[in-house]
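Let's walk through how two chains meet and how one of them is divided. Have the viewer ready.

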Amino acid sequence: MRRVFVTGIGVVSPVGFGHHEFGSALLEGRSGAAPIQNFDASGFDRQVACEVKGFRSRDFLTAAEARRTGRCSAMALAAARMAVEEAGLKPEHLAGPRTAVILGTTMGEANVLGELESTWLHQGESSVLPSHLPRYGTTLLPIHVARAFGARGMVQTMPAACAAGNYAIGYASDQIRAGRADIAITGASEVIEKLQFAGFVRLGAMAPDVCRPFDQQRRGLIIGEGSGILVLESEESVVRRGATVLAEVGGYGLACDAHHITRPHPEGEGSRAAMRAAISSSGLDASAIDFVNAHGTGTPANDKIEAHVMHEIFGDRLPLTTSNKSILGHCMGAASALEAVSCILTLRDGMIPPTLNYETPDPECVVNLVANEARAAKVDVVLNNSAAFGGYDAVVAFARPGVLPPPRDPWAEAA
Amino acid sequence: MRLAITGYGVVSPFGVGRESWEAALAEGGDARARAFRGRSEVLEGELAERARTAEVWGFDPNEHLGDKGHRAFDRLTKFLIVAAKRALADSGLKPESGWVEGGPGPTDVGVCSATAYGSLDAITELNRVAELEDPRYINPARFPNTVINAAAGYVSIWEDMRAPNTTVVDGNCGALDAVLTAATHLVHERGRAFLVGGGEVVSEPLYLAMRRLGVLADGRTDGQGVEMGEGACFLAVERVGDAKARGARIEAEIRGYGTAFDAPHSEALLVCATPDAVARAVREALAEARLAPDEVDVVVSSVGGIGDVDGAELQGLAAVFGEDVAVAPLKRLHGETFGASGAFGLAAALAWMRGVTVGPLLRGRAPERVRAAVVVSVGFYGNVSAVALVASE
């Protein structure tokens, strides 16, 4: 079965645009949290979020693209342009049916819908401009991106809530391995909308001040937004055009808790199954994992269960772990895509970003945490862990090129 | 690709369960009148009087799910759960008595579900509170419904299915794309069986948006304009060997999948469908299925009332099959169900293979015995997907 490589990464994040700014902010521990600017949050008892600041569609998109996209698609397209440029892909590489675009999200163009519904509810149906209506469709997220690059293959949106990035990346790797595509532009995009913010406040999931993953005093998440995009390529495509490889995509694991729509399974059953599957489908055992980029939301339940699962998987040899969410906030559907970019930078540079705000160890929540300061480490294999509303669990393995054993070819075996 | 379809469950304007669905297919035109029967039960006020929608009339979740545990669910979630329950029972994976000893169990069965606008009415419900009252008053128990994949997640929770749960949003192509998702999961042994399909609901915001766009049929019955429908359909799919090993009834095999995308030629356009994309998707599905075009007996089309899109589909089909193959416009029977439509198409193809004539046809004549079928979904924004299936030996 074909190996799949990462050849490009692009980022629009609460801590900057492009992976250089993004990576520096992560290693320096510069949080993206700030008072909310994009809507009036004064009525809420939580008023901080990790918004993407200063993003202007016209800086990255053509005038026509900017007109037809909402903020979610625009950020995805901007990050995709960065990833394609990083990969050194020319239009002739991407044009045609062998390029797929597979993107994740939670709510897609939530801002567009919010504006449309606000107009409708306050001013009536006749005030809603028909030309604005098609900008809402969640299905348009990959279509805008495919259109920009002349891609004519698979376009797919995978709404998997806070595991959407991993779902999309894993599925894109599946399609390249199966020979249905040579190149995939994949990842996820998400925007903060007032309704989501209100929902998380009403669920009691929001931290009052900062996000403290794995700390005893952790009291919740800080909501975020952004877009993380990867260019994945088959080995043949990489060799054919002499591309520089950033990382290899290993296996991935999915499972469903089937327990509760918002709360994780109390024993981490789905999370454990997904993590085990990610390791075994990479042809590895747990001892090969050097680093886990944790889901690490900073909510009491998630972090405790995630730590429990890691103990079950790794025993006493806990791999180094960090949570980017102490810096990026919880970027929902985009979270695991942005964290995938962070994983790839760690593999490339041998530097693990810190988990901020870690002060008080929690005996019920012990992980091998890279706390408060970045750390240099030789990292060959990483796991990118995620979980989501709906009981979704998704874990993707990435590795330095040359580390993973040859992948199985289940399609050939099935034939 | 070889996937066994071992059963299915339907929630449609004709009722709950495959029996009412297959009876409606056999009725043809008469069933259409029952689907579009009159005053909306979902929309309110002026809309209820004017709208011509094919709704799941008189749907009572208590009848199928009991009277507890589903109060916070939205309409789509209830449809999906009922369709899933029926598909699990019909396939023998999980009869009323529960999981079968020695057969696939909770960790072996997953869900691949599609929708295009599934959470829209839930978002509107909360936006109404947020905009007209105060966002601090939104109901936290209903908030999860605003997340697109929540409806499918509830299906796994309700039926205790712990293999991967995947939601797909690809406009009208979602349910057929979910077939590939399930095939991929099965070949990678991420489960032993998957419920594949999806659901869609009639809702006020969706109806108003379509009306505002000027694309609704608004009572026209000449095939021009979209007639909104709703419902849910799940098919149980398994690896053929697994299905045989447990002695399951294999109704048909999915043998091929294809997809394609074309963007509009003008920067000013968004809506797009091209004959070439239709032909590419169908040819890819046929090639994987190792079927020649003249071996295909019937096509369940995506024709849904938007002239340019329908025209592109019919041209694309003609380019592959010529003019003689039987083409069924299923959406004229029970409306446009967007992301779920491909699942209904597959269910219609299965019925056709069992001798239920799906008509009236747009063109061509179907043979008495249908052995191979292609189901096509055409999106509004340039994407097309196709699935080829053959009758069980």
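This is a predicted model: local features need pLDDT of at least 70, side-chain atom pairs count only at pLDDT 80 or more; totals for chains, interfaces and linings use all residues.

Residues are numbered from 1 along each chain as its sequence is written, with chains lettered from A and ligands numbered from 1 in the order in which they are written.

**Chain B against chain A**
- 62 residues of chain B are in contact with 60 residues of chain A (C-beta atoms, placed from the backbone, within 7 Å).
- α6(B) contributes the most to chain B's side, with eight residues (helices are DSSP runs of H or I, at least four residues; strands are E, at least two; both are numbered from the N terminus).
- By class, this side of chain B has 32 nonpolar, 17 polar and 13 charged residues (Ala, Val, Leu, Ile, Met, Phe, Trp, Tyr, Cys and Pro are nonpolar, Asp, Glu, Lys and Arg charged, the others, Gly among them, polar).

**The helix pair**
- The axes of α5 (residues 110–123) of chain A and α6(B) come within 10 Å and cross at roughly 60° (lines fitted to C-alpha atoms over the stretch in contact, with angles from 0 to 180 degrees between N-to-C directions).
- α5(A) and α6(B) are therefore oblique to each other (under 35 degrees is roughly parallel, over 145 roughly antiparallel, 65 to 115 roughly perpendicular, the rest oblique).
- Residues making the contact include Leu113(A) and Glu117(A) of α5(A), and Asn127(B) and Arg128(B) of α6(B).

**Domains of chain B**
- An automatic or database assignment gives domain 1 (3–245) and domain 2 (255–391).
- Their contact takes 52 residues from domain 1 and 41 residues from domain 2.
- α8(B) gives the most to domain 1's side, with seven residues.

Key. Two residues are in contact if their C-beta atoms, placed from the backbone, lie within 7 Å.
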